[in-house]
Amino acid sequence: MATKKKTLKKPSVKAPKSAPATGTATAQPQAQPDPTALSIGDLKNLSTILDVASTRGAFKANEMAGVGFLYNKLQAFLAKVAPEEKPADATAGAPATAPATAEGK
């Protein structure tokens with residue numbers, strides 16, 4: 001009984017066709033975000049962590065001045081860079097109530 005040997009064909013590697021030069025970003029690799037970069041959300045979380053840790057007594061008395069200084073500095077930076085959205089929420093609710101009172105008069 002004779003057996004046939006199967007020969008596997010190697011797939012041919014074709015060079016990709018060059019795209020027309022239109023100035024698109026396909027020729028350049030996409031920029032990956034820096035995994036070590038800190039975002040505003042990260043800094044807000046750090047502020048919360050400092051607050052919770054100090055409330056739970058994680059810092060000694062002689063360390064509280066340094067922690068408080070850093071916390072205040074972080075809060076000032078966050079207020080300057082990313083102001084809270086509470087005023088925007090308050091103004092969003094004001095127009096809805098203002099016409100209702102104007103119609104009643």
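Start by selecting Val67, Leu74 and Leu78: these are the buried residues of helix 2. Look down the axis of helix 2. The buried residues sit within an arc of 35°, so they line one face of the helix. Keep in mind that this is a predicted model.

**The rest of helix 2**

Now select the whole of helix 2, residues 64-81. Helix 2 has 18 residues. From first C-alpha to last, helix 2 reaches 25 Å, close to the 26 Å expected at 1.5 Å a residue.

Turn to the other side of helix 2. Select Ala65, Phe69, Asn72, Lys73, Ala79 and Lys80; these residues are exposed. Then go back to the buried face. What covers the buried residues there? The cover includes helix 1.

**Helix 1**

Select residues 40-55 next, which make up helix 1. The 16 residues of helix 1 should span 22 Å at 1.5 Å a residue. The end C-alpha atoms of helix 1 are 23 Å apart, which agrees.

Which residues of helix 1 are buried? Colour Leu43, Ser47, Leu50 and Ala53. Seen down the axis of helix 1, the buried residues fall within an arc of 135°, so they too line one face of their helix. An α-helix has 3.6 residues a turn, so residues three or four places apart point the same way.

On the other side of helix 1, pick Ile49 and Thr55, which are exposed. Helix 2 is part of what covers the buried residues of helix 1.

Step past the end of helix 1 to glycine 57, which follows that helix. Check the backbone of glycine 57: phi is positive, near 80°.

**Where the two helices meet**

Show helix 1 and helix 2 together. Two packed helices are described by the angle between their axes and the distance between the axes. Helix 1 and helix 2 pack at an angle of about 150°. Their axes lie 10 Å apart. The crossing of helix 1 past helix 2 is left-handed.

Now display the side chains in the contact. From helix 1, select Ile40, Leu43, Lys44, Leu46, Ser47, Leu50, Asp51 and Ser54. They meet Met64, Val67, Leu70, Tyr71, Leu74, Gln75, Phe77, Leu78 and Val81 of helix 2.

Centre on serine 47, in helix 1. Is serine 47 buried or exposed? Serine 47 counts as buried, because its relative accessibility is 6% and the cut-off for buried is under 20%. Leaving aside residues up to four places away in sequence, serine 47 touches Tyr71, Leu74, Gln75 and Leu78.

Aspartate 51 has a relative accessible area of 39%, so it is partly exposed. Draw a distance from the C-alpha atom of aspartate 51 to that of valine 67. The separation is 9.5 Å. Along the chain, aspartate 51 and valine 67 are 16 residues apart. Valine 67 is one of the buried residues of helix 2.

**Zoom out**

Finish with the whole chain in view. The secondary structure comes to three helices and zero strands. Along the sequence, the pattern reads α-α-α.

How much of the chain counts as buried? Of its 105 residues, 7% do.

Note on methods
Residues are numbered from 1 along each chain as its sequence is written. This is a predicted model: local features need pLDDT of at least 70, side-chain atom pairs count only at pLDDT 80 or more; totals for chains, interfaces and linings use all residues. Side-chain values use heavy atoms; hydrogens and water are left out. Helices (H or I, at least four residues) and strands (E, at least two) are DSSP runs, numbered from the N terminus. The expected span of a helix is 1.5 Å times one less than its number of residues. Buried means under 20% relative accessible area, exposed over 50%, partly exposed in between (1.4 Å probe, protein chains only). The arc is that of the directions from the helix axis to the C-beta atoms. Contact means heavy atoms within 4.5 Å. Axes are lines fitted to C-alpha atoms, for helices over the stretch in contact, and angles run from 0 to 180 degrees between N-to-C directions. A crossing is left-handed if the near helix is turned anticlockwise from the far one by less than a right angle, and right-handed if clockwise.
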